Amino acid sequence: MEQLDLWASASLGLLIDNTGSMADDIDQVARITESFLKTELYYNDIIYNFVIMSFGDPDYQEPTAYWEPTQAVNHVNNKIVASMGGDCPEMTCQAIEQILSYSDMFSNSPIFVFTDASSKDCTEDLVTIVEDWALDFSHTLNFVLTGTCGGEVDGNFTRLATSTGGSIFRLEDDELYKLTDIVSEATEDGSYIAYDDWNEDQADEWNRRKRDTSGELSANFLMRRRRQAGFTTLSFYVDETVGRLAMQVEFEKHADRRLLEGITMSPQDNCNTLNQEIGSRFGNIVHYAVHCPCVGEWQINVPYSIDNSWTFSAKTFGDFSIGFDVEFEQAASNGNIELTKQPCAGDTAKIIITLTQRDSIDDTSRIDVILNGRSYDDIFKLRTNDSEKWYVDIRIPKVPFKVAVRGTTTAGNTFLRIHNTEIKPTSTCLKTEHIQPSALTIKAGRVTTIIMSLENKYQTGKYTLFCFNDRQKDGFETKIERPRNRVHRVIDPDRLYYIFIKVTAPQVVDVGEV
């Protein structure tokens, strides 16, 4: 639907646990929502709408969209009432799946999940469905945890936050309202300029693999890391296109005062940023925001902690900042080209990088594919027939990976941009081979046959096929004609299994509806 682009970065999803122990937390969420009335996000119409849903065990409310913060505040205050509960953990993943099913209202937006318990329904299959759905609609999943009822650390929450570019906040009840600035920031479209995770137990291994002996920044993520006097120091570059710099340290567990107050962030040349700097320290978070940061190398110092690993990230915001999006061009067996965000593992595909502020980037800059913190290949050649796009051919790996663009600006400063989410290749590949009778076109009022191919290079198995569409909503009628039993048994990984779908289109189709 075309309106998804209109709403892209301007919505905010709130998913709130309404079991009995969450009463104080619900009041704090209302304070966060109410605070948007006093921010530039409201006056400048940066937030388009709020999508709010509450869940219990096992019941949940249907998601509701509000276009005014006052309506959202009233919903949280009056329609979300803490009740029942008493057992842990909760049915969190099903609730996330439900709010994601309404993604046509707020795609490409952050979702914040407020709960004080771990999950009991996050099976591998359900987590994979939620993860794929969030990535397909460009949602970031953020978890605000005010307790650990049912488990100290929920690995499923960590997986979903990491793969979608979100965060996990471990807070006390009375710290929730401090999230306002961070929640506001999440609704804006920013790009990573640095990212690293640090586990003291793996420090020696990291130093053996990645130690920087040249005195220059590491090839991986353009960062330098070193240990001295009880601190870990990270260095990263800020270029001249960074309008606002947001830096965050996120600990795995709730952090004590020594850790929170011991963290310092500053430019190496000690330029004065006090007038532009906003900082906060609470829960497991230290967060800094600097307007118009100094160009050059910045440093962050984190106190040593043997039992509380942490993640560091730095993001840039601003209309003139270098940024990029990534998609993949892959071919079906008949040569038909398709664009996708989730490429097929093992295929040769073309990465397409769409750049913003291309005029600020020197032609010697490059694309990197990052696997487990290391460059997948150091010799990617950039090719382009379009001033705003770069292309590079790659054989898609079987494991998740990140894409980064790095190099120098036209002013001679080093820059790095890392894509906000992991690319998760799929082993089960569906491709459009042909559309009959008109090539790649579904005609209004006509019956069209779509021929698709199914392939899995890495495993055999039984695949049950479904077509999902809402005939009452869009007027299209779909039917799988072959295989007649709607089942393919993949027994040969080198073979293509074909699917024939009959589509009856309505006489009148709104532009952009398909």
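**Gln-330**

I looked up Gln-330 and found it buried, with a relative accessible area of 5%. The cut-off for buried is under 20%, so I count Gln-330 as buried on that basis. I note that the model is predicted. Gln-330 sits in strand S16, which covers residues 323–331.

Next I listed the contacts of Gln-330, setting aside neighbours within four places in sequence. I got Asn-336, Ile-337, Glu-338, Thr-340, Pro-343, Cys-344, Asp-347, Ala-349 and Lys-431. I checked two of these partners further.

For Cys-344, I found its backbone nitrogen 3.2 Å from a polar atom of the Gln-330 side chain.

**H2 and H4**

I then turned to a helix pair. Helix H2 spans residues 23–35 and helix H4 spans residues 69–78. I read a packing angle of about 175° and an axis separation of 9 Å. Angles over 145 degrees count as roughly antiparallel, and H2 and H4 are therefore roughly antiparallel to each other.

Which residues meet? From H2 I noted Ile-26, Val-29, Ala-30, Thr-33 and Glu-34. From H4 I noted Pro-69, Ala-72, Val-73, Val-76 and Asn-77. By class, I have seven nonpolar, two polar and one charged residues in this contact.

**Whole chain**

Last, the totals. I have eleven helices and 29 strands in the protein chain. Of its 514 residues, 52% are buried. Among contacts with a separation of 6 or more, 75% join residues 24 or more positions apart. The accessible surface comes to about 24,200 Å², and carbon and sulfur atoms hold 46% of it.

Terms used
Residues are numbered from 1 along each chain as its sequence is written. This is a predicted model: local features need pLDDT of at least 70, side-chain atom pairs count only at pLDDT 80 or more; totals for chains, interfaces and linings use all residues. Side-chain values use heavy atoms; hydrogens and water are left out. Axes are lines fitted to C-alpha atoms, for helices over the stretch in contact, and angles run from 0 to 180 degrees between N-to-C directions. Helices (H or I, at least four residues) and strands (E, at least two) are DSSP runs, numbered from the N terminus. Angles under 35 degrees count as roughly parallel, over 145 as roughly antiparallel, 65 to 115 as roughly perpendicular and the rest as oblique. Contact means heavy atoms within 4.5 Å. Ala, Val, Leu, Ile, Met, Phe, Trp, Tyr, Cys and Pro count as nonpolar, Asp, Glu, Lys and Arg as charged, and the others, Gly among them, as polar. Buried means under 20% relative accessible area, exposed over 50%, partly exposed in between (1.4 Å probe, protein chains only). A polar contact is a pair of N or O atoms within 3.5 Å; within protein, one must be able to donate a hydrogen and the other to accept it, and residues adjacent in sequence count only if both atoms are side-chain atoms. Accessible areas come from the Shrake-Rupley method with a 1.4 Å probe; for residues, only the protein chains shown count as cover.
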